[in-house]
Amino acid sequence: MMEEKNVLQPSEVLPAVALRGMVMFPTTTLHFDCARDISIAAINEAMNRDRRIYLASQKDPAVDDPKSDDLWNVGVVAKIKQVLKLKGGILRVSVEGAYRAKTVEILQENPYYQMVVSKFPEQSTEKDDPKYLEAVLRTVKEQLEEYCFFAPQVSRDLVLNAMTSDDPQKLSEYVANNIAFEPEEKQNLLMESNMILRLEYLAKLLVHEVEILKLEKDIAERVKEQMDKNQKEYYLREQIKAINIELGESEDGEDDADRYQKKLDALQVSDDVKKKLQDEINKLRRTPYGSQEGLVCSNYLELALNLPWNEQTEEKLDVNAAEKVLEEDHYGMKKVKERILESLAVRKLAPDIKGQILCLVGPPGVGKTSIAKSIAKACGRNYVRMSLGGVKDEAEIRGHRKTYIGAMPGRIINAIKQSGVNNPLILLDEVDKLSRDYKGDPSSALLEVLDAEQNFSFRDHYLEVPFDLSNVMFLATANDAGSIPGPLYDRMEVITLSSYTREEKFHIAKDHLLPKQMKRHGLSGKTARISDDALYGLIDGYTREAGVRTLEREIGSVCRKCAKEIVAGEKKSCRVSEKNLEALLGPKKFKDDDLNRENLVGVVNGLAWTAVGGELLQVEVAVVEGSGKIELTGSLGDVMKESAKAAVTYVRSVCDKYNIEKDFYKTKDIHIHFPEGAVPKDGPSAGITITTALVSALSGMEVRHDVAMTGEVTLRGRVLPIGGLKEKTMAAYRNKMKTVIIPQNNKVDLHEVDPVVKENIRFVTASQVSQVLDEALIWPLKNEVTEQPEQQEPKSLPDMPKPKGRASKQPIMEKV
């Protein structure tokens, strides 16, 4: 701007009003409201005089009580045309500008401003050439026309009036008054005393506004391309976003990125994890709102920032309290309970120990899944169950990469998020039923999860950063250990759960299942009572399983029958005993084995293991005249057939001792039969049973009917150990056997046998078949048979090697 020349101008004293956020021009009309007392007093004073008033703009509109330094020193002397009184004492004033004036002196500030002002004259410069003035005037009109093109909200009258005006002063003030320039820019126009410089400054402001409008149009067009026509809200958000991106500023208010940033700042994680999450937040800020990539970033951050990186539950390390919880919830399962209590004791002595990975292997229904809940409760950990049955995609464990549409994390990370802590108990249910296909092998993905040396930095494909699983207690369940891949099996501590015995089922039914079902069916001890013999009747006559699921269903059926009788008014209370079980449930589904209770030749009681418990299985041998053929029937497997052949060979080696014809294998046909021919049978533990039956049939000696046996036989007559002793002895007890012959090496397993069985059965251990025969056969008197010298066992026949490693997958029902 050009400096003013010191020209003496006439001055006058006028009341003054400070304008906030607006500027008055001499040739224009202005309407404004007065609410401040100092402004109202000035208006009243002007009305009492000649209606003239001095209007000066505030430098800062936010100042409520302006002083002399807060006002511009150039304003406009105007004449008040109209004053209206509004509610609240507010005055609405209409003024018309007269001339520009300059503040000479402020006479008073209270109760209103009173100032000495003088006219602010026009000044001239070297550019005051009429042609130059006309050129600048045209420039202003052209810029105004372009401005109106990009700003369709501008009134047509504004354009028309401006284009037809040839007065530079009126044009400049008219345009400045009707276009939304900043107050400071309008004040600069007012303070410019030279007309040409004022027009040049106005043209500069119009050029700047045109550029802004062009940019706004470009932004609007770019937004419009991304806009869904039916979503107005989407359009508005995109417009704000695009403007902020163009200006290099962030959105006003707290958006998703700000919210995620606050969570990240409060998160205590490693630098690598924090850097990765920070990169994702920055990417989200740069991504257009509502885009697919923004949605992917948002979903990722929502998961990662809500994971329990540092949250833990306080683990309960009181061994006595944990033991009480486990005993209350489950009957039996001593091995599992002891192992859990041992883990708690070790954790208390060495808190930093890692790698508690257990695998419970047992038949269905024995409580593998339910004991996991009790373990979590006893340890004070959150419980999460993850079913793996039928899972055949590696991504189910490790997750999908974010590049795929619909990608999500794997089940491990989801289980962690579901638990809300980083030290839950995660149950990997049915781990033996994992399968594989072309998408990968999920069991291989579990190797890292279940390896205590690696799982402290488990990487999910979706999460892409390591997560510490070392604080997690993993508990796996399986029905068949043979179906678990070797490397995975090697990473777990396997605890085998055998099927429940008759006594265990009774205690479980009485202490847990019966109260649960009675409560579920609205019964109490006063309205229904089921006797102990009724429970035994349910176990023996209506169920044949390893666990107690069917037993619980049968108890529930009895409870429903009782509830019906009580509601129908037939009885006030229901009493169930073994005698009226058939009236409630119908005939028994399973009956006791029809065993001969007399000593017979060639018939021996063997003991077998099945998936639903132990069984007593008789072996029958018949010897007839023939040519030495051996017939094996009863749906036998290869291992059992080989046991029968080994038994025949052993019997041939001891013919003299038991008064057996030496050439029986040439002159006799031998038929070995196992009843229940529809049931597949396999395994080596029937060896001594077959041998005893052969010796009895060939020698004519009877076998004691109250003796049962189990054990593998070798060609040299050794008795090798077997498995499933607990179930087999329970079957012997159930069938009222008095003596059970077991291998010598199974003596250490007798501690697993139920105490009731030990009280009622005499156990005989044998290391040689001769000991078995001495105990099982009924020998004739000495004068009835000639003693034969004991024959040396053939030394040239090697012993059959015992299979090593884990048992292979068994048939549908195996009897060993």
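## A parallel sheet and a pocket

In this predicted model, 5 strands come together as an open sheet with parallel pairing, in the order β8-β9-β12-β7-β13. At its edges lie β8 (383-387) and β13 (493-496), each of which pairs on one side only. On average, neighbouring strands of this sheet are turned by 20° against each other, direction ignored.

Within the sheet, strand β7 (residues 357-361) runs parallel to strand β12 (residues 473-478), and 5 bridges join the two.

Let us turn to the second largest pocket, whose volume is about 530 Å³. Its lining counts 22 residues, and H330, G367, S370, V548 and E552 are the closest to the pocket's centre. Helices α13 (368-379), α18 (502-520) and α20 (549-567) each contribute at least two residues to this lining. Which of the helices gives the most to the lining of the second largest pocket? That is α18, with 4 residues. By class, the lining of the second largest pocket is made up of 7 nonpolar, 8 polar and 7 charged residues.

Finally, a look at the cysteines. With sulfur atoms required to be within 2.5 Å of each other, the count comes to 0 disulfides. Two cysteines are listed below with their accessibility.

| Residue | Relative accessible area | Class |
|---|---|---|
| C34 | 2% | buried |
| C655 | 3% | buried |

Conventions
Residues numbered from 1 in each chain as written. Predicted model: local features only at pLDDT ≥ 70, side-chain atom pairs only at ≥ 80, totals over all residues. Heavy atoms only, no water. Buried < 20%, exposed > 50% of the residue type's maximum accessible area, 1.4 Å probe, protein only. 1 Å grid on protein atoms, 1.4 Å probe; cavity = no way out; pocket = protein on both sides within 12 Å on 5 of 7 lines; lining within 4 Å. Points joined across faces, edges and corners; volume = space filled by probe spheres on them. Nonpolar A, V, L, I, M, F, W, Y, C, P; charged D, E, K, R; others polar. Pairing = 2+ DSSP bridges. Axes fitted to C-alpha atoms, helices over the stretch in contact; angles between N-to-C directions.
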